[in-house]
Amino acid sequence: MGRRIKQKYLFGILYACIAMSLIAGVHVQFFTHFHADFVWQEIPGFSAIYGFFGCVAIIIISKALGHHWLQKEEDYYD
Amino acid sequence: MIEWLHPGLIYIFGALLIPVLKGRWQKAYMLMLPIVALIDLTFMTEGTYWSFPVSDYVLTFGRVDKLSLIFAFVFVIASFCMTLYALHVKENGQHVAAFLYIGGALGVVFAGDLFSLYIFWEIMAWASLCLIWYRKTKASSEAGFRYIMVHLFGGICLLAGIILYVQSTGSIAFNVFDWGLGWGYVASYFILIGFLINAAVPPLHAWLADAYPEATITGAVFLTAFTTKSAVYVLIRGFPNVELLIWLGVIMALYGVVFAVLENDIRRLLAYHIISQVGYMVAGVGIGTAMAINGASAHAFCHILYKALLFMGAGAVIEMTGRSKFTELGGLYKYMPLTFWLYMIGAFSISGVPLFNGFVSKTMIVESAAGSHLPLVWLMLECASIGTFLHTGLKVPYLTWFSRKEPVVEAKEPPTNMLAAMGITAFLCVFIGVYPQALYRLLPYTVEYAPYAPAHVIGMSQLLLITFVGFWALRSKLHGTPTITLDTDWFYRKAGKRFIWFCEKPLLKFATDIDKVMKDLANSFIRFSRNPMAASMILITATSTRLLTPFNPAYRQKGQELVEARKQAVEEPMEKMSIGMGVLLVLLFFAFYLLIYLTHGVLWA
């Protein structure tokens, strides 16, 4: 199989999994006995939203820190 | 029949025989030692063993309870896998160092008093140093030097704390320390600093990310397990429920994640994730409820296994390609698919994917934060989970095994013993993930936690699946760059160097200048006292020549006369003068003393 087609399949599976987990989340929240420790856990799909923004925030904040301050040439300490 | 046998001594005395044996016998012997220790542990019953009264104190080498047993179990199990991984190494010294290191860690775990704790603590520091120095590169020798300096500092803090503690309480028993604010708790503060250095808590963590990536391939695998986890153990023993630790732990968890984004070295990235993962445990110790302590112990257990597996995978790549930087790696899936899949089991475990061991232990700590109503802690720990999967689970494998169409370098799968060690460790990760009761039964408190509750599984799945999407969208930003990242070791690597330069150059020059001025002054006194007339004449002539030459060039003539006059007043050698000066000072001192004595009667009343 070509690389492209493989990738396409992979992403198909990925999106299907995300959709399934979202549906399952909604199901658990509204149709079973659900106990939320914090307010935000009552938002449907909170983990997915938090995951996405958390991921982007980690990359952008770290990169900015590194670019402006922390990253130096490899021979910096020599 | 021996009542109890210290498993640490099996390793420490067992290590002495390693250099004597050769070839196949040596290998069999090294694999046998952990098995003997494991049998020893299985038949162990709780209680206190090997207590030796020494003058007023009691040394206790064997405090056996559920907490010490779970740490001992994982140390011994992991040591078997690690020894198997290191079996092909020809240098006996490395094996001996590794066994002493494990023995030291087990000694710490069973120590019931602070003195024996300190002894094993130092054995660990020195033995682990050898594992770094055996790499025999310039970078490793320098990093090892910095490593031992930091650990010696930590050891001194610990010793100072122990001495203060013994002085105030009169006992050397190692139990929960008093905690609070004020001068009364100084002993606890010192001991805590000693512990926090070994646990790699920022800002005292830089030694870890500095030294571990420079260690030998097999040595680094040993290093990942024992120093930080024995520190977690002593924190659970000494400082449970200390709120400071919650916040330090949470900061640690995120700190490691942020630095991992910037790293270009595969093992340094993983080292930052040790800091991050130990952060969960430290936070758990701080929360201090039964569930949190269970979570911290369980996470230490799982962490040792999956982190060893990750370092084994990374080590295999470095061993086979000779490269450790993301900028020089890529496309290796073609040559090392098996290593990739075994690494991925470790990566899924650390990320907390359901059915892998990280999931059953990490969520326990996160849930205990929810149970104690700490919303911010909960959010930050969840965020660290995202970062963990992002780097260890996605960035490392992507940049090492994929990311390029063609492999950058030819390679092959690592030797069989390395693959076998990875296989066993991977099996244990999955086994605990699928059957968590095996682990939960060993925990210090009764477990009332169901990891596979639907809400947990669904929440974690959403979090991780979406992280993949985020990673794929931003993957171009995550490529390695040929840089290094500044960390708190800057203070002793750069600022320290500048401080030494300051001492050597300006400070020393200042001192020599003062010295010179004082010597000249002393010389002129002596010249003056030998021949006051001539000396004062020279002085007057010199001053007037200097002052008046600009107005009247005729005075330049005087300058010539001055040189002549100086020549006539031949100087005596310095040595004699300083003796004379010394006598003069002593006499002055006595005169001063006499004066005070006469006026006040005594020197100080």
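This is a predicted model: local features need pLDDT of at least 70, side-chain atom pairs count only at pLDDT 80 or more; totals for chains, interfaces and linings use all residues.
Biologist: How many residues does the contact take from chain A and from chain B, and what is the area buried between them?

Modeller: The contact draws 41 residues from chain A and 52 residues from chain B. Carbon and sulfur atoms give 72% of the area buried between the two chains, and that area is about 4300 Å².

Biologist: Which element of chain A gives the largest share of the side that touches chain B?

Modeller: Across the interface the rule finds 12 residue pairs in polar contact, with both residues at pLDDT 80 or more. On the side of chain A that touches chain B, the elements giving two or more residues are helix 1 (3–31), helix 2 (46–70) and strand 1 (71–73) of chain A. The largest share, 17 residues, comes from helix 2 of chain A.

Biologist: Which side chains meet in a salt bridge across the interface of chain A and chain B?

Modeller: A salt bridge requires a side-chain nitrogen of Lys or Arg within 4 Å of a carboxyl oxygen of Asp or Glu, and across this interface the rule finds 1 salt bridge. Its N to O distance is 3.3 Å, and the side chains that meet there are those of Glu74(A) and Lys325(B).

Biologist: Where strand 1 of chain A pairs with strand 3 of chain B, which residue is the bridge partner of Gln71(A)?

Modeller: Strand 1 of chain A pairs with strand 3 of chain B, residues 483–485, in the antiparallel sense over 3 bridges. Within strand 3 of chain B, the bridge partner of Gln71(A) is Thr485(B).

Definitions and conventions:
Residues are numbered from 1 along each chain as its sequence is written. Chains are lettered from A and ligands numbered from 1 in the order in which they are written. Side-chain values use heavy atoms; hydrogens and water are left out. Contact means heavy atoms within 4.5 Å. Buried area is the accessible area (1.4 Å probe) that two parts lose on being put together, summed over both. A polar contact is a pair of N or O atoms within 3.5 Å; within protein, one must be able to donate a hydrogen and the other to accept it, and residues adjacent in sequence count only if both atoms are side-chain atoms. Helices (H or I, at least four residues) and strands (E, at least two) are DSSP runs, numbered from the N terminus. Two strands pair if DSSP finds at least two bridges between them.
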